[in-house]
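Please look over the structure shown here before reading on. The paragraphs that follow go through its strands and then its cores.

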Amino acid sequence: MANYQIRNDCFTTEINHIPSKYSKNLKMIPERKVLLQNEFFRSFSKIIIGAKTYLTPKEISNLFNIPETWEEIKLDEIGKKRKRSIKAYIWKNDSQTIISCNQLSGSAGWTNVAIKELVENIKK
């Protein structure tokens, strides 16, 4: 295990380098991958990746050097006729919890229930 200090600060960055209007079907560029593999990100006890469609679970495991085992959690269910689950994926190791979910915006379909459930899982 690397020798780093766990942080209680907050930091945010974008996975994609192009605004979404122009980035349909684009994935992470190599320079962004190098950035996210920096030891700086190992210093946070909780990491929330609000970009589920940009990164696969395997890519997240590789990026953050964590086991390829994760837990899928259902945060809420939306839709009257066609039900759709709002889900997140959680990885845990001795020093970090990494959560992957959809972008945290109203257009992504987040409900108040789903946000509350996400917060509860972040607190764990």
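**Strands and cores**

Y89 stands opposite S100 in β4. This is a predicted model, in which local features need pLDDT of at least 70 and side-chain atom pairs count only at pLDDT 80 or more, while totals for chains, interfaces and linings use all residues. Residues are numbered from 1 along each chain as its sequence is written, and side-chain values use heavy atoms, with hydrogens and water left out.

Strand β4 covers residues 97-101 and runs antiparallel to β3, to which five bridges join it. Strands are DSSP runs of E with at least two residues, helices are runs of H or I with at least four, and both are numbered from the N terminus. Two strands pair if DSSP finds at least two bridges between them. A hairpin of four residues links β3 to β4.

β3 also pairs with β2 (residues 71-78), again in the antiparallel sense, over seven bridges. One of the residues involved is D76, whose bridge partner in β3 is I86. Five residues lie between β2 and β3 in their hairpin, and G79 in the turn has a positive phi of about 100 degrees.

The largest nonpolar core has 16 residues, and I49, L55, I60, F64 and I98 have the most contacts inside it. Two or more residues each come from β1 (46-50), α2 (57-63) and β3 (84-92). Such a core is a set of buried Ala, Val, Leu, Ile, Met, Phe, Trp, Tyr and Cys residues joined through side-chain atoms within 4.5 Å; buried means under 20% relative accessible area (1.4 Å probe, protein chains only). Another core, of eleven residues, lies apart from the largest one and includes I73, A88, C101 and L118.

Leaving aside residues up to four places away in sequence, F64 touches L36, F41, R42, I47, I49 and I98, where contact means heavy atoms within 4.5 Å.

Note on methods. Buried means under 20% relative accessible area, exposed over 50%, partly exposed in between (1.4 Å probe, protein chains only).
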